[in-house]
Amino acid sequence: MSRYFTEEHDMFRKSFQEFLQKEVVPHIDKWEQDGTIERFIWKKFGEMGYFGLNQPEEYGGMGLDLFYTVIFLEELQKINSGGFAAAMWAHAYLAMTHVKVEADHNLKEKYLTPAIDGEKIGCLCVSEPFGGSDVAGMKTTAVKKGDKYIINGSKTFITNGVYADFYVVAAKTNPEKGNKGMSIFLVDKEFDGISATKLNKLGWRASDTAELAFDNVEVPEEYLLGEEGKGFSYIMQHFAMERLIMGINAHARSEFALDYTLGYMKEREAFGKTLDKFQALRHSIAEMVSEVEVIKEFNYATAQRLNDGEYVVKEASMSKLLATKISDEVMYKCLQMLGGYGYMEDYPLARMFRDSRLGPIGGGTSEILKEIIAKMVIDQKEYKPAAK
């Protein structure tokens, strides 16, 4: 046990590990090859309660502390499919978070409960083809007509965009007001005018990533999440969680890569001794393990503060910035330790190397995060959560 994890946490970790090995790992290579995660696994996750860890009991969740989520994220990184992991956590912590916090009771009953059960899959739609990390520069519009909003525009790099049963969509309701004119909507896939195109990616091969087009999509006014004009604040508020998630993912996959590499080094011989006896390689491992341990401890401390209700946008941005950088360096060096085998698809480092590269890009690029951190520490800018 540690200061962050109780005996109950440890029991949950062990049971989740067993579940993943039994129900997920046998299918991973097929899903990676096909680029499609079969529907049944979502329902199994739902049956086990894994999508409801931090969700209210009223809607079928478990209302557990954030360290159950930390365990969920860490163990998903240790089955060597960044794409599968992303599909699960994007559903549970990107799409569902907005429904949990901003939807009214009726929408929660209609979408949050089946999302917790694994019956409906959700995705968050913010990034646009010409915007990327520039959320405020969004072009998608939602024009009010009578008791409906008409949505027009496109979104890209949307995890679960093809699978999804519902979309949490950001759009401008008052474009002339800039980011203060942005709102969030829940859009059902059955609404007319939605089309999805699957994107072909370098890594995260198991997950479906889509470009979405909304052509005069009519959305009932009751599908507005929260208040009109507060969408940007809602997005920013939840970005802290998304960035910390990606920081936790990064330290977990780094640990997994190092564990695998150490196992390989203990068995592989060169010049009459195993690789783990060469000083240059030993010192490289020592340096990587130290960096991963430091960022992991920082991530845990930040998770504790978030769990306590603090607004940790600066710390979460730092977490993602550093952890994803460290992860890429770890993958690069660990692949090198395997020599020619590291470059072979039959060995896990090739996939891990590709999957890790998304870390400094998705959920806000490292360059954007540096500017956000610079604004906070140099310009003394304060970011505040959306008013309740």
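This is a predicted model: local features need pLDDT of at least 70, side-chain atom pairs count only at pLDDT 80 or more; totals for chains, interfaces and linings use all residues.
How do helices α8 and α10 lie relative to each other: roughly parallel or oblique?

Helix α8 covers residues 313-337, and helix α10 covers residues 366-377. Their axes are 10 Å apart, and the angle between them is about 140°. An angle has to be over 145 degrees to count as roughly antiparallel. The pair α8 and α10 is therefore oblique. The crossing of these two helices is left-handed. On the α8 side, the contact is made by V313, K314, S317, M318, K320, L321 and T324. On the α10 side, the residues are S366, L369, K370, I372, I373, M376 and V377. Sorted by class, this contact of α8 with α10 has eight nonpolar residues, three polar ones and three charged ones.

Next, α8 with α9. Helix α9 runs over residues 348-356. The axes of α8 and α9 come within 9 Å, and they cross at roughly 155°. These two helices are therefore roughly antiparallel to each other. Their crossing is left-handed. From α8, the contact takes S327, D328, M331, Y332, C334 and L335, and from α9 it takes L349, A350, M352, F353 and S356. That contact divides into eight nonpolar residues, two polar and one charged.

Helix α6 spans residues 231-267. Which way do α6 and α8 run relative to each other, roughly parallel or roughly antiparallel? Their axes cross at roughly 20° and come within 8 Å. So α6 and α8 are roughly parallel. This crossing, too, is left-handed. The contact of α6 with α8 has 16 nonpolar, seven polar and three charged residues.

Now the empty space. Rolling a probe the size of a water molecule over the atoms shows where such space is left. How many cavities of 30 Å³ or more does a search of the whole structure find? The search finds five. The largest cavity has a volume of about 100 Å³. Its lining includes Q77, G82, A86, W89, W204 and M246. N249, R253, D355, S356, L358 and G359 also line this cavity. Helices α4, α6 and α9 each give two or more residues to that lining. By class, the lining of the largest cavity divides into five nonpolar, five polar and two charged residues.

To recap, α8 is oblique to α10, roughly antiparallel to α9 and roughly parallel to α6.

Terms used. Residues are numbered from 1 along each chain as its sequence is written. Side-chain values use heavy atoms; hydrogens and water are left out. Axes are lines fitted to C-alpha atoms, for helices over the stretch in contact, and angles run from 0 to 180 degrees between N-to-C directions. Helices (H or I, at least four residues) and strands (E, at least two) are DSSP runs, numbered from the N terminus. Angles under 35 degrees count as roughly parallel, over 145 as roughly antiparallel, 65 to 115 as roughly perpendicular and the rest as oblique. A crossing is left-handed if the near helix is turned anticlockwise from the far one by less than a right angle, and right-handed if clockwise. Contact means heavy atoms within 4.5 Å. Ala, Val, Leu, Ile, Met, Phe, Trp, Tyr, Cys and Pro count as nonpolar, Asp, Glu, Lys and Arg as charged, and the others, Gly among them, as polar. On a 1 Å grid over the protein atoms alone, a cavity is a set of points where a 1.4 Å probe fits but cannot get out, and a pocket is an open set with protein on both sides within 12 Å along at least five of seven lines; lining residues have an atom within 4 Å of a point. Grid points are joined across faces, edges and corners, and a volume is the space filled by probe spheres set on the points.
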